[in-house]
Amino acid sequence: MIPFSPPRIDDEIIAEVVAAMKSGWITTGPRTKNFERMLTAFNGNQSTLCVNSATAGLELVLRWFGVGPGDEVIVPAYTYCATANVVLHCGATPVMVDVLPDTFNIDPDKIAEKISACTKAIIPVDIAGFPADYDAINQLVNNEELRRKFTPRNPNQRKLGRILVLSDAAHSLGAIYNGKSTGSLCDITVFSFHAVKNLTTAEGGAIAFNLPESFDNEEVYKFCNIFGLHGQSKDALAKLSGKASWKYDVIMPGYKVNMTDMQAAMGIVELRRYREDTLQKRKAIFEYYQTAFAKYDWAISPTCRDKKSESSYHVYLLRIKNISEEIRDNMIIDIFGSEVSVNVHFQPLPLLSAYKYLGYRMQDFPVAYANYANEISLPVFYDLTEEMCQQVVEAVVHAYNQIK
Ligand SMILES: *Cc1c(COP(=O)(O)O)cnc(C)c1O
C-alpha cells in the first residue's frame, strides 16, 4: 500500500533528537531558540516564536490582538477546521468567504462585502502550499474607507489602526510570492509542523511576526513568549541562568503552548535541508503528476506556479472534470483497491456538523463545494519513488475508467 504522507524520519533526525535528550534539556531551551532564529532567517520576517501547534499559534495571536465576543474574523469556507475553530475559541464569529476556482484560496473580491465594523482580522489560508493573494488582501485592509470603519477596542488594535492580516500558512513554508517567502507577506503568519506537513516536528508550529513599524516585533515576540508560558516573567532556562534567580512573577494568566527542544531538534535538521532537498523532491513529484495527467482531458491539475507565486508543493489537489461528489467517492474506493492511499482536502466548513449547527450553509459557497466535490488529493512525500508515482497515476486512471 502506498501511504499518503508518512514523515521523513532518517538517521540524521534521530541523532539530533537523541542529542537533545542526552543534553539533559528536553523542554523549551537552546534548540528551540536556535530553530526560531533559523526560521526568521529562512522566511525573512522580523521575529519568530515556536509553539506546540499552528492551532495554538493562531489562537495566541487572536488573543494577543484582543479578539473576543462581538468580533468577527474573515476565513475561507474551504480550509481545515482549525482556521475557524480558533475564532470560536476566542468567543468571536467566523465570517466565511468563498474561494477561487483555480487556486482554492480565499476570493479577495468577495472579502469586502463581508467586512463590518466588528471585523478584527482576516485569516487567508495558503491551500496546498499556494500563496493567497496577499497584494489584494493587504491593499484591502489599508483602504481608507475600511480603516475608518475599523473600531479599535484596545492598544494593539489602536496601534495597527486596521484589520489584522493573519496568514494560516500551515501548508506553505517556503512558498514564494513576489520574490518573498511566506512569513514575510503580511502582519503575522502561522506555520504548522504537524506530522503530515512539509516540515514536521511531530506536533508543532511557529508564529512569524512581521508587523508594520508602529510595532516593535521583538517586543511582541517577548510578550507572546510569556503569554504562551503561563504569563511567567521568567522561563525555565532563565531561572537556571543565575544564582538565586528562582523567583519569578506571573504577570497575566497565560496559556501553555511552548515547543520542546526535542521537537526543535527535528525542525533544525529539516529546515537545514528544506529548500535544496525537501522542496526540490516535492516539486519533482508534482511535475511527474502534472506531466502524466496532461494526457487526460478529464483531469484538472492544480495551479502551483504563476507570475507572482510558487507553491511549497504540499498537497496535490487533482480534480476530475464533470463528476459528482458520489462518483468521486466511488473513484476513491477504487483507488484504494489499487493499493494507493488518497485523501480529500478539505470538506468545506459548512459541510461539517459543528458549523452546520451554527447556521453556515453550503449553498452560500458554491465554488468551495464545486472544488471539493470532484477533488482527490494524491500522495506527496519525500520517499515517494518514481515507480510509486506511476502506480498512483495508474490507480487514478483505472478508477476513472471504471466510472466512465
Ligand atoms: C494542519 C492545519 C492546521 C493546524 O495545524 P496544527 O499544527 O495541527 O494545529 C491549520 N490550518 C490548516 C489549513 C491545516 O492544514
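Helices α3 (54-64) and α4 (82-89) each contribute at least two residues to the shell around the ligand; helices here are DSSP runs of H or I with at least four residues, and strands are E runs of at least two, numbered from the N terminus. The model is predicted, so local features need pLDDT of at least 70 and side-chain atom pairs pLDDT 80 or more, while totals for chains, interfaces and linings use all residues. Residues are numbered from 1 along each chain as its sequence is written, and side-chain values use heavy atoms, without hydrogens and water.

The ligand is surrounded by 16 residues, the closest being Thr-55, Asp-168, His-171, Ser-192 and Lys-197 (near means a heavy atom within 4 Å). A polar side-chain atom of Thr-55 lies 2.4 Å from a ligand oxygen atom, and one of Asp-168 lies 2.7 Å from a ligand nitrogen atom. In the side chain of His-171, an N or O atom is 2.6 Å from an oxygen atom of the ligand. Taken alone the ligand exposes 380 Å², of which the protein buries 93% (Shrake-Rupley method, 1.4 Å probe).

Most residues other than glycine have a negative phi, and most peptide bonds are trans. The bond from His-345 to Phe-346 is cis, with omega near -5°, and Phe-346 is in the loop between α12 (325-337) and α13 (353-357).

Ala-202 has a positive phi, near 75°, and is found in the loop between β8 (188-192) and β9 (205-209). For His-230, phi is about 65°; this residue lies in the loop between α8 (217-227) and α9 (236-240).

Terms used:
A polar contact is a pair of N or O atoms within 3.5 Å; within protein, one must be able to donate a hydrogen and the other to accept it, and residues adjacent in sequence count only if both atoms are side-chain atoms.
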